[in-house]
Amino acid sequence: MKRLGWLLMLCGLALPQAVRADPFYFGADLSYVNEMEDCGAHYRDAGVVTDPFVIFKNHGTNLVRVRLWNDPTWTRYSNLADVEKTIARARAQGMSVLLDFHYSDTWADGDKQIAPKAWANITDTDALSKALYSYTFDTLRALDAKGLAPEMVQVGNEINPGLVGGAKGQPFDWKRNAALINAGIRAVHDAGALSAIKPRIMLHIAQPENAEWWFPQAQAAGVTGYDMIGLSYYPKWSSRTLAGLGHTILMLRKTYGVDVMVVETAYPWTLDNADSSPDVLGADALLPGYPATPEGQKRYLVDLTQTVIDHAGDGVVYWEPAWVSTDCKTPWGTGSTWDNATFFDFHHGDDVLPGIDFMTYPYLPVSRLLPGAAPAR
């Protein structure tokens, strides 16, 4: 962390070799913003309607995450054209980009990975690996040709059950999945070799407890070439406390020598609902000591982020803080199933909430020392 170096210099201390010099990432997944604005959403900061990308930049965001579906004919969003727009908006504000390949035409997550229709009938692993490689490589080259190459790339989203057709509870075929994952990793490497921006490569697992079994098995199966691990952490679906999350982050960092980030988390600021769509994060999503209030949301994020810093983690990304309620329909109804977990107060015209300022909180960076560990690079 650059500011840690300055801090230690001002104190007359040398910067230990084990201190990480790269920036800590304060991120937001803004994949829904273009759609929400088309649906009539207006985001306010201190009562003034403001470009949401400007709001996030002004409140400390330095990384924008954006999802990409292969061919989502059921929606006009999260396709390549929409992703290009999001990346351009992030780049205009000087923010880095994490591109999240879902390798599906719809939501891929820790429960299911639905194959895109173009690959649905490909059963041969080599042929599927080639298709995944070509799609990843061609997408990144197309973005680079427009000056939109991302700084980070996820090879899959919450790939606990594997890529392209896996599902929770089904037998896990490591030979097949290692081939697909490595094909995606090679594609990012090869595309980066032709670009001024060399994207870093992330593998993303839902819930820290799953990473503890997944990565040893991935290593044994020959998955290699990635330099970042991304974790989803939602207390509602995880068996880990904040302290347990920290333990897993440090273990992964030490064991695999790669950077580790929380790339998805969220917390409700109210239990009120802005519309008829049932909210995903209700009372069952709360931790003791963190009520569903604006300050409770911020306190959760501050404590989570300090935990990540304390255990040599590299960033925190909030999932869909701008998915506000509108009159548009989603697969789950009219409005948003996330309106009570955004950073915008629907009681006050979607004015910004204090939770967003977890990104500018004065954290204690000295705890990012990792005794006995060399930098991951």
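## Packing of helices H7 and H8

Helix H7 (residues 208–221) and helix H8 (residues 242–256) have axes that come within 9 Å of each other and cross at roughly 15°. This arrangement belongs to a predicted model. Angles under 35 degrees count as roughly parallel, and H7 and H8 are therefore roughly parallel to each other. Their crossing is left-handed.

On the H7 side, the contact is made by Pro 208, Ala 211, Glu 212, Phe 215, Pro 216 and Gln 219. H8 contributes Leu 245, His 247, Thr 248, Met 251, Leu 252 and Tyr 256. Sorted by class, the contact of H7 with H8 comprises eight nonpolar, three polar and one charged residues.

## Packing of helices H6 and H7

H7 also packs with H6, at an angle of about 85° and with the two axes 10 Å apart. Because angles from 65 to 115 degrees count as roughly perpendicular, H6 is roughly perpendicular to H7. The residues of H6 in this contact are Trp 174, Ala 178 and Ile 181, and those of H7 are Trp 214, Gln 217, Ala 218 and Ala 221. By class, the contact of H6 with H7 has six nonpolar residues, one polar residue and no charged residues.

## Nonpolar cores

The largest nonpolar core has 95 residues, of which Leu 203, Phe 215 and Tyr 226 touch the most other members. Helix H6 (residues 174–193) supplies the largest share of this core, nine residues.

When residues up to four places away in sequence are not counted, Tyr 226 touches Ile 185, Ile 201, Leu 203, Phe 215, Tyr 256 and Val 258. Among these neighbours, Phe 215 and Tyr 256 also take part in the contact between H7 and H8.

His 59 occupies the loop between helix H3 (52–58) and strand E4 (63–68). With a relative accessible area of 12%, His 59 is buried, since buried means under 20%. Not counting residues up to four places away in sequence, His 59 touches Asp 45, Val 352, Ile 356, Asp 357, Met 359 and Thr 360.

Tyr 103 is placed in the loop between strand E5 (96–101) and helix H5 (125–145), and counts as buried at 1% relative accessibility. Tyr 103 and Asn 70 are separated by 33 residues in sequence, while their C-alpha atoms are 6.1 Å apart in space. Pro 365 lies in the segment after strand E14 (351–352) and, at 9% relative accessibility, counts as buried. Between Pro 365 and Gln 306 the separation is 59 residues in sequence and 8.6 Å in space, C-alpha to C-alpha.

## Residues with positive phi

Most residues other than glycine have a negative phi. Glu 158, although not a glycine, has a positive phi of about 50°. Glu 158 is found in the loop between strand E6 (152–155) and H6, and is buried, with a relative accessible area of 7%.

Gln 207 likewise has a positive phi, of about 75°, and is not a glycine. The loop that holds Gln 207 runs between strand E7 (200–206) and H7. Gln 207 is buried, with a relative accessible area of 7%.

How values were computed:
Residues numbered from 1 in each chain as written. Predicted model: local features only at pLDDT ≥ 70, side-chain atom pairs only at ≥ 80, totals over all residues. Heavy atoms only, no water. Axes fitted to C-alpha atoms, helices over the stretch in contact; angles between N-to-C directions. Helix = DSSP H or I, 4+ residues; strand = E, 2+ residues; numbered from the N terminus. Parallel < 35°, antiparallel > 145°, perpendicular 65-115°, else oblique. Left-handed = near helix turned anticlockwise from the far one by under 90°. Contact = heavy atoms within 4.5 Å. Nonpolar A, V, L, I, M, F, W, Y, C, P; charged D, E, K, R; others polar. Core = buried A, V, L, I, M, F, W, Y, C linked by side-chain atoms within 4.5 Å. Buried < 20%, exposed > 50% of the residue type's maximum accessible area, 1.4 Å probe, protein only.
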